[in-house]
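Here is a walk through a model made of several chains. Have the sequence and the 3D view open while you read.

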Amino acid sequence: MFHWLEKNPFFFAVGVFVVIAFAGLIEILPNFAEASRPVVGLKPYTVLELAGKNIYKKDHCIACHSQLIRPFKAETDRYGQYSLSGEYAYDRPFLWGSKRTGPDLHRVGNYRTTDWHENHMWDPKSVVPQSIMPAYKHQFTNIADIETAYAEAVTVKNIFGTPYGDEFQPTKEAWEAYRPTVLAEAKAIADDMKNKDVKEAVANGQIPEIVAMIAYLNRLK
Amino acid sequence: MQSNAALEYDYSVAKLFTYTTILFGFLGMLIGTLIAAQLAFPELNYLMGEYGTFSRLRPLHTNIVVYGFTVSGVFATFYYSAQRVLKVSMAESKFLMFVGKLQFVLYVILALAMVVSLLMGFSSSKEYAEMEWPLDVLTVLVWVLWGVAMFGLIGIRREKSLYISLWYFIACFLGVAMLYLFNNMEVPTYLASGGLGNIMHSVSMYAGTNDALVQWWWGHNAVAFVFTVPIIAMIYYFLPKESGQAIYSYKLSLLSFWGLMFVYLWAGSHHLLWSTVPDWMQSMGSIFSVVLILPSWGSAINMLLTMKGEWNQLTENPLIKFMVLASTFYMLSTLEGPIQAIKSVNAIAHFTDWIPGHVHDGVLGWVAFMIMASLFHMAPRMYKREIYSKKLMEAQFWLQITAVVLYFTSMWIAGITQGMMWRAVDEYGNLMYSFIDTVAVLNPYYTIRALAGVLYLTGFLMFAYNMYKTMTISRKLEVEPQFRSPMA
Amino acid sequence: MDIRELQGYASFFMTIFLVVILYSYIVYLYKSEKKGEKDYEKYGNIALDDEITSTPIEHNPKSQSEKKELNK
């Protein structure tokens, strides 16, 4: 009756597949029937924030920082209100992380400022003397890829129905028309910064990575 | 039965993957040691500008160790042992030989593209699935080719019944294929936005909590189907063959195989305890993690009982030492994992260094030990020379054992210390420590861990040197050894 | 019946079903070996006696014909 499987590789493989796929069918797939709804008032990321999120991914901040506040008093005291599913509705991918070598960042926008981030990213030890975080000086000179962030906004709008406005269209013209909006947002942040090179770059229509990064970190609330 | 008297097993593909196993093993462990040292000595972050920071190198370390070292090792041992248990040679089919070699070429291209793109910062930021979409497409191709080679070999086999190792190789193939595809569903923004922005960039098909579920369904089962299943395949072949003892119980191996297949997939959500995924899934993950001890220990005990009455080999043959120790570490980490999956333990352990500690007693003690032992066993058969040095192998064994013990003990203490400090409150209920206090206190443990990394890496270099000498100048063998590998 | 409920039933009965199969498998394996109808432990020797010239534990009748096809 049974030993038959080991002599019939095809049916053996089918058997293995059924057994391993079962858990996924039950646990994973049905959950998509009710994809998480955004919490009330949640806005999609602006293009500049998306660009910052992409730098967060590029420099792989999740290696050391989580974005998930668990429902314990010790955590809500330290980081604020525990995280809700609906807050992540526009996070593609999710950036919860799995290790806190540094503190959680899910609500870092509530208690850190542009000024603090600027100093900290330039030299973490100048703000937190015992810090073991590396400095991210290259973010002050590398130029952020805003066009890709715009492409991402257009993609999630068209494919997943993320509520971006009508000005988001998959054409070069639409992107050129939108660029000044991003620059204005970047300028507002650069005005709060003191690094001369960054200010100059923004004035010339270039957005250094650090500006987008700070826009994203300030957004995390 | 045998028409062609000169017919021999053909190890050319197995040899190719042996070289990449050694190469990527060294590279992955080197980077691992460097980033371990960076946590103890942060100045080491500035060796290569933006490409040398901990955060940029960490995914490189994990990806090289998983997809470079381990997967190479899986392919090498597969192309070696599958021929033998099926009693059919790769040389008997030009087609399969071509598939195997093509797979190797594409694999090397993929691995190099992976190293370069991750260094450049192209990352989807989903752990152990960081590669961006063009590389994912190539990965699928490499994997399909492996499947063709696997089922092709099975198709022309002389031995009707599939040996235990092959069940696990088949499960590895199917499991990774299914999970990898689902987790890497992503939309390239360049294609979806009419050609705007960077062509490498993509967004995940899933958002937020759903993305987390799919990711850890993958993340956990990458551990299952890359770090566990194919390694069990190795030990089921190499331990009996090296010791000359048939497996203790074929029936037990059948039961633990099907048990493992069924249970493993459920446990993924234990990475998401106390998060925003539905409660019943968290509990399910927790319960099934504990149930998972049964099939895991089933295999491990089967291994240890295989040595019944032959324990003297443990003192005489360092290869047996490697393998028995590997299965012991397998038992240890499959007990430790479920403990961490208990919700109240997880509340302390999650996000701390206990988790990397757990991963590394599995990976250093079980995966890497088993892969190195398998390659040592294969070398005299593939190169027809005896193993270059038994003494060196003994020294390597003790060095690496010390390293593993230092690694996991320091990380256990570090993890629990930090977990307790995060939640410590004074008599008024206020938090006692600021976050940086909990970082500063870990420095000694990070230093010990870095030292452990250096020791393990040194051991791996001894392995690589021993293998190199075995391939080139060691004494030639007239006949293929049947069981115990000859060594000088 | 909504999807959650369906999921619950599917999970419950599938698990019961698989457990029953697995346990009858165990019983069958041990019984048939005790009665002397089958010998499973001989398959363990596949790993030990694995020269290309050695006799397979069970010969695969399809091997010759399929081999020829692949070699074309």
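How many helices and strands does the secondary structure of chain A come to?

## Ground rules and chain A

Chain A comes to 10 helices and 0 strands, where helices (H or I, at least four residues) and strands (E, at least two) are DSSP runs numbered from the N terminus. This is a predicted model, so local features need pLDDT of at least 70 and side-chain atom pairs count only at pLDDT 80 or more, while totals for chains, interfaces and linings use all residues. Residues are numbered from 1 along each chain as its sequence is written, and chains are lettered from A and ligands numbered from 1 in the order in which they are written.

Read along the sequence, the pattern of chain A is α-α-α-α-α-α-α-α-α-α. A compact globule of 221 residues would have a radius of gyration near 17 Å, but chain A comes out at 22 Å (taken over C-alpha atoms; the globule rule is 2.2 Å times the number of residues to the power 0.38). Its C-alpha atoms fill a box of roughly 80 × 50 × 35 Å along the principal axes.

## Chain B

Chain B has 17 helices and 2 strands. With 488 residues, a compact globule would have a radius of gyration near 23 Å, and the 23 Å of chain B agrees with that. Buried residues make up 62% of chain B, and the box around its C-alpha atoms is roughly 80 × 60 × 45 Å along the principal axes. Among contacts in chain B with a separation of 6 or more, 81% join residues 24 or more positions apart; a contact here means C-beta atoms, placed from the backbone, within 7 Å.

Take helix H1 of chain B, residues 12-40: its 29 residues reach 43 Å from first C-alpha to last, close to the 42 Å expected at 1.5 Å a residue (1.5 Å times one less than the number of residues). Because 21 of those 29 residues are buried, H1(B) is largely enclosed by the rest of the structure.

In H9(B), the buried residues are Met281(B), Gln282(B), Met284(B), Gly285(B), Phe288(B) and Ser289(B). They cover an arc of only 160° around the axis, so they sit on the same side of H9(B); that arc is of the directions from the helix axis to the C-beta atoms.

## The core

The largest nonpolar core has 239 residues, and those with the most contacts inside it are Val211(A), Ile235(B), Met323(B), Ala326(B) and Met370(B). Such a core is a set of buried Ala, Val, Leu, Ile, Met, Phe, Trp, Tyr and Cys residues joined through C-beta atoms within 7 Å. Helix H7 of chain B (residues 208-243) gives the most to this core, with 22 residues.

Leaving aside neighbours within four places in sequence, Val211(A) has contacts that include Ala144(A), Ala186(A) and Ile189(A).

## Where the chains meet

Chain A brings 70 residues into contact with 70 residues of chain B. H1(A) gives the largest share of that side of chain A, 11 residues. By class, the side of chain A that touches chain B has 39 nonpolar, 15 polar and 16 charged residues (Ala, Val, Leu, Ile, Met, Phe, Trp, Tyr, Cys and Pro count as nonpolar, Asp, Glu, Lys and Arg as charged, the others, Gly among them, as polar).

Chain C puts 27 residues against 35 residues of chain B. On chain C, that side divides into 14 nonpolar, 8 polar and 5 charged residues.

Definitions and conventions
A residue is buried if 20 or more other C-beta atoms lie within 10 Å of its own, exposed if 12 or fewer, and partly exposed in between; C-beta atoms are placed from the backbone. Two residues are in contact if their C-beta atoms, placed from the backbone, lie within 7 Å.
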